[in-house]
Amino acid sequence: MVARVLSAGEQTALAHLPPNVRLADRLLREKGLPSRRNEQWKWSDLRAAFDENVQFAVVPDIDEARTDAAAARGDFIAMLAAAFGQTETVKVAAGETIVSIDRIEAGQFTPRALEIELAPGAAMTRIVIQPAQAGLALDSVRVHVGAGGAYRQFILAEGAKLARIETHVDVAGEGVEIALGGVYLAGAARHVDLTSVINHRIGGGTTRQLIKGAARKGGRGVFQGRIEVARGAQKTDARQYHHGLLLEEGAEIYAKPELEIYADDVQCAHGNTAGALDEAALFYMRARGIPEAAARAMLTEAFLLEAVPDYLPEDVRAEVTSRIKAWLGGAP
Amino acid sequence: MLRIDDLHVAVGGAEIIRGLTLDVPAGEVHAIMGPNGAGKSTLAYALAGRDGYEPRGGKATLEGADLFAMAPEERAAKGLFLSFQYPLEIPGVPTLTFLRTALNAQHKARAEAEISSPDFLKQVRAKAAALKIDPEMLKRPLNVGFSGGEKKRMEVLQMAVLEPRFAILDETDSGLDIDALRVVADGVNALRGPERGMLVITHYQRLLDYIKPDRVHVLAGGRIAESGGPDLALMLEREGYDKYLKAA
């Protein structure tokens, strides 16, 4: 067998990998980091973005078993998180309700993988804030929701050289409620990818997903959202919406919404749009005396804020709003 | 006040306005009537500055200022107001926020002081009440989910709040039932004054029963085919536009 030529980033990663994580080692050598050839990464070329300049953090004790387990199922973010970043498991007991705020800060390469287990009747709100940064930002969560449980998540992502935030939800009981919201802001030279897979294994659950984003010249937004409804998961009610706004020529938004339904008594809907601001609405505002730049910012802000849910704590909502305003104000 | 001289406007390559000349002095209300496709809305858009409605020739001035040298927002700050035939929905922007932003932007452009919030609210509420607009509607995103009649009332409310020097009303009667028409017309009439001019664009004479014009012009074939007093509108109502269509 002819050996694959390793990229500089792959060689750097392998040099940092301890010898015991054989599956991860093999995955990196044989398959390599995911690139545009991998269907799940076709718009987010990690191999190209992951170069020899990646600044690894010092991880005191690499979780070898976890690294190999993630490698075995081809979950790159979880594998990189176990080897070079952070992994964490959160368990929420029956009847308990928790709120967590995760920040993906700039700095050394710190991919993160989170496992969340919600016992029956447990509820969790997770907020992810990813400020704009120059490096790589990788984050993945796997949520298992028990009967009658509720998982709500809101992501504000400003992108990075490559930012990918994955959400995997396993609906593992009856009557589960899932709400996934997100706003992405892809400025110049920023790449931001929100990918999610929601698997309704058991019926009677609801999913509400609303993702909105905006991209400027040289910025790229990616939305990949799959909702699976298993055979027998009757009375599932799932709605998925993604709307992207291309603010300038040279902005890019890619979207792949997918519904995979194997049950027959379900309600599922999805909607997906990407386009420019409504020129007629812009003219209307200008005809009332609002200057063009202000009119554009107002329409864009209003568009994005529709995806910011009411349930966010007051201070988080204020931060999200001011980040959106700052991003719009920083426009050329 | 508003002077239009030998105006030519092409839309998508086709010349729609072909040598239109019109003069509306301060204090007067003129009506422009005409068959569908005569160029009534084209004239309104060209004067307000919509993309794709740039003049090919001729001039238009408001109180001596060249309209075509100004961006749409500058024309608005100069005092030009267009009431849209089809008002746009502005999702996510509450009506009050929209109105305050527009008013303050105009004040700023004219180097006037910003209006204080309490004064603004008081003024808008009073003007909305006169137009029988439910105050709750002012909190909703502008025009989103509003009925045709509600949108037209909102146009007149915006005009009342912005207090333009010159207003163009494009088919303000379309979509209105008779009660709403009366309310809207009362709102427009309340804004008539010696300093303000208006151009009322309409297909039907009905609106002119409520907003009595000083002069009536027939727009056909891209130019003013005939001008006269209010009686001209009644004649058009009886006889239709056929003779102008044939002439054009």
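How many residues of chain A are in contact with residues of chain B, if contact is taken to hold when two C-beta atoms, placed from the backbone, lie within 7 Å? There are 18 residues of chain A in contact with 21 residues of chain B.

Before I go on, please keep in mind that this is a predicted model, in which local features need pLDDT of at least 70 and side-chain atom pairs count only at pLDDT 80 or more, whereas totals for chains, interfaces and linings use all residues. Residues are numbered from 1 along each chain as its sequence is written, and chains are lettered from A and ligands numbered from 1 in the order in which they are written.

The most comes from α6(A), with 7 residues. By class, that side has 12 nonpolar, 1 polar and 5 charged residues, with Ala, Val, Leu, Ile, Met, Phe, Trp, Tyr, Cys and Pro counted as nonpolar, Asp, Glu, Lys and Arg as charged, and the others, Gly among them, as polar.

Let me turn to the sheet of chain A. Its 7 strands form an open sheet in the order β1-β3-β5-β7-β9-β11-β13, with parallel pairing, and two strands are said to pair if DSSP finds at least two bridges between them. The edge strands, each pairing on one side only, are β1 (86-92) and β13 (252-261). Within the sheet of chain A, β5 (residues 136-145) and β7 (residues 162-171) pair over 10 bridges, and A:Val141 stands opposite A:Thr167 in β7(A).

In chain B, the axes of helix α3 (residues 95-109) and helix α5 (residues 148-162) come within 10 Å and cross at roughly 35°, the axes being lines fitted to C-alpha atoms over the stretch in contact and the angle running from 0 to 180 degrees between N-to-C directions. The residues of this contact divide into 6 nonpolar, 3 polar and no charged.

Finally, two backbone details. A:Lys235, in the loop between β11 (220-229) and β12 (237-246) of chain A, has a positive phi near 65°, and B:Glu163, in the loop between α5 and β7 (166-170) of chain B, has one of about 45°.

Note on methods
Helices (H or I, at least four residues) and strands (E, at least two) are DSSP runs, numbered from the N terminus.
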